[in-house]
Amino acid sequence: MAVHMRKQPGQLTVVIKLGTSSIVDEKTHQPLLSILSLIVETACSLHAAGHRVVIVSSGAIGVGLRRMNLPRRPKHLPKVQALAAIGQSRLMSLWDQLFGHLEQPIAQILLTRNDIADRTQYQNAQNTFIELLSMGVIPIVNENDTLAVTEIKFGDNDTLSAITAGMVQADYLFLMTDVDCLYDKNPRTNPDAKAISVVEDIAELAADVSSAGSSLGTGGMSTKIVAARLATSAGVTTIITKSSKPGNISSIIAHAERQRKASMSSRNSVTNFTEDGVPIAQTSALDLQESTHHLSASTSILQDQQPARTSSPQPEEPVPLHTCFLPISNPIRDRYFWILHGLAPHGTIYIDTGAWTALSDKAGLLPVGIVDVDGHFAQQEAVRIVVVKRLSSSHSPKPTSTSMSAHPPTTPGAAAHAVHAPIPIRHPLSHTMSSSQIISQHPPQYEQHNPTPFEVGRAVVNYSATEIRRIKGLHSTQISEALGYADSEYVALRENIAFFGAERSRPTTPNLGERRAGVNGEGVELH
Ligand SMILES: N[C@@H](CCC(=O)OP(=O)(O)O)C(=O)O
């Protein structure tokens, strides 16, 4: 059953993510009371204006370090988990005390990826959020570090905050950080670096933009961009701004809402700027009551905050520096968002272009379109879908005894050209990953000059990896002959397949690597 966040007209849901460095001092691990107090005041004033607020708070390990008088984070995972257990309760007590001064009730939600791997549990978590928000409570979310090991980790709290924003169908996600916005170059070494105020299409963001943050030593800017991509795909306007000035959140929302309304009335509207190149708000009042919709992305350009300067007829309030990532115009539906981002993939299915075309025409995934499989996964687990070019010799519609081999041999000729070094597979939510990161077992063989295969989406599969190895390339009528049973004619039902970049009517053809099944569909080489 679909979960819907019912909201009053004009009511916004705002998720604010604070990293460890915004919560405790990096050296002493003492709580940064001034920042925390300002966050509490901001959250309470948004709440008083009728909006809903969720906080994603890191800091459990930092607070634990302080409590146990330890100078730095240990390497040993059980120690880190113990420190998180010590720190989490103190962290929540700190938040509760601060919010208590303003009589604002809060609640703790601790999540691991495992908690939301089951659709019903994911919806249970959503229902808890709905209930808390409708009771006027501010949920405070963190990863359940005491339970989370690498396999069930979200990875970082930026990702967790984006998943949370998707779960609560938020209007805004604020990623509070130690830089005030993204720049097109490193501003420390490039005096002409321009602040990026609006990112309309995150896919167009140049690779070196993200590294500008990292080279400043801010760290984690790339995880913020990944989080922004994830949240904007779910329809959430995502803002990067400075955590030391949380009071800016209200004026940034007010500015973004004005821009949204302006862009609705005129696509050619422009932002006014001060002499210093700071964008200017049209009014100073925080008037968020009428707003319900998101900013709409129309074109794929970056607007910088510096060059356009126009004189303003009235005294206007400068808007604090920030970068606003606009949501996509056709957000991913909740179930697909869960498949793409709630579930951890356990393997990879390589499909041919015929299957890709069929999927884009809303068909399910049949075994005939599958070229190869990587990883070990069970039925009903999530896998990546990667499109590759199947060479003409690769199609083998008949099951044979050799085609049932779980680990088929490769064809000798191709192996001579193959490389076993980490193979890059482009993932739409991150920078290039090595295959060692995403393919755990039996790395496939690619020729060095191959274009990078592209992960187009994820699926929850009806058959295990071993079963799919046996039925790949077969017609559905041959499944029972190959396996001795046939649970479904589809490897994945259409409702269990989701594509990155929203459910576009017809996905564009990705950059393809080629992959050829050997004699009778067994060996696999990439050319
Ligand atoms: N969950 C951990 C923090 C994990 C994390 O991503 O931290 P950060 O990069 O500081 O946002 C904690 O509470 O200490």
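The views below show a predicted model.

**Figure 1. Residues around the ligand.** In this predicted model, the surroundings of the ligand comprise K17, G19 and T20, then S58, G59, A60 and I61, and finally N142, D145, D156 and N157. By class, this shell consists of six polar, three charged and two nonpolar residues.

Figure 2. The side chain of S58 places a polar atom 2.7 Å from an oxygen atom of the ligand. For N157, the atom concerned belongs to the backbone: an N or O atom lies 2.8 Å from a ligand oxygen. G59 likewise contributes a backbone N or O atom, at 3.1 Å from an oxygen atom of the ligand. The ligand on its own would expose 380 Å², of which the protein buries 78%.

Figure 3. An unreviewed UniProt entry lists residues 347-386 as "domain: PUA".

**Figure 4. Serine 233 in helix α8.** S233 belongs to helix α8, which runs over residues 221-233. A polar atom of the S233 side chain lies 2.6 Å from the backbone oxygen of L230. S233 is classed as buried because its relative accessibility is 7%, under the 20% cut-off.

**Figure 5. Serine 488 in a loop.** S488 is located in the loop that connects α15 (479-483) with β19 (497-499). Along the chain, S488 and N462 are 26 residues apart, yet 7.0 Å separates their C-alpha atoms. With a relative accessibility of 17%, S488 also counts as buried, because this value is under the 20% limit for that class.

Technical notes. Residues are numbered from 1 along each chain as its sequence is written. This is a predicted model: local features need pLDDT of at least 70, side-chain atom pairs count only at pLDDT 80 or more; totals for chains, interfaces and linings use all residues. Side-chain values use heavy atoms; hydrogens and water are left out. A residue is near a molecule or strand if one of its heavy atoms lies within 4 Å of it. A polar contact is a pair of N or O atoms within 3.5 Å; within protein, one must be able to donate a hydrogen and the other to accept it, and residues adjacent in sequence count only if both atoms are side-chain atoms. Accessible areas come from the Shrake-Rupley method with a 1.4 Å probe; for residues, only the protein chains shown count as cover. Ala, Val, Leu, Ile, Met, Phe, Trp, Tyr, Cys and Pro count as nonpolar, Asp, Glu, Lys and Arg as charged, and the others, Gly among them, as polar. UniProt positions are given in the numbering used here, feature names are shortened, and annotations may be inferred rather than shown by experiment. Helices (H or I, at least four residues) and strands (E, at least two) are DSSP runs, numbered from the N terminus. Buried means under 20% relative accessible area, exposed over 50%, partly exposed in between (1.4 Å probe, protein chains only).
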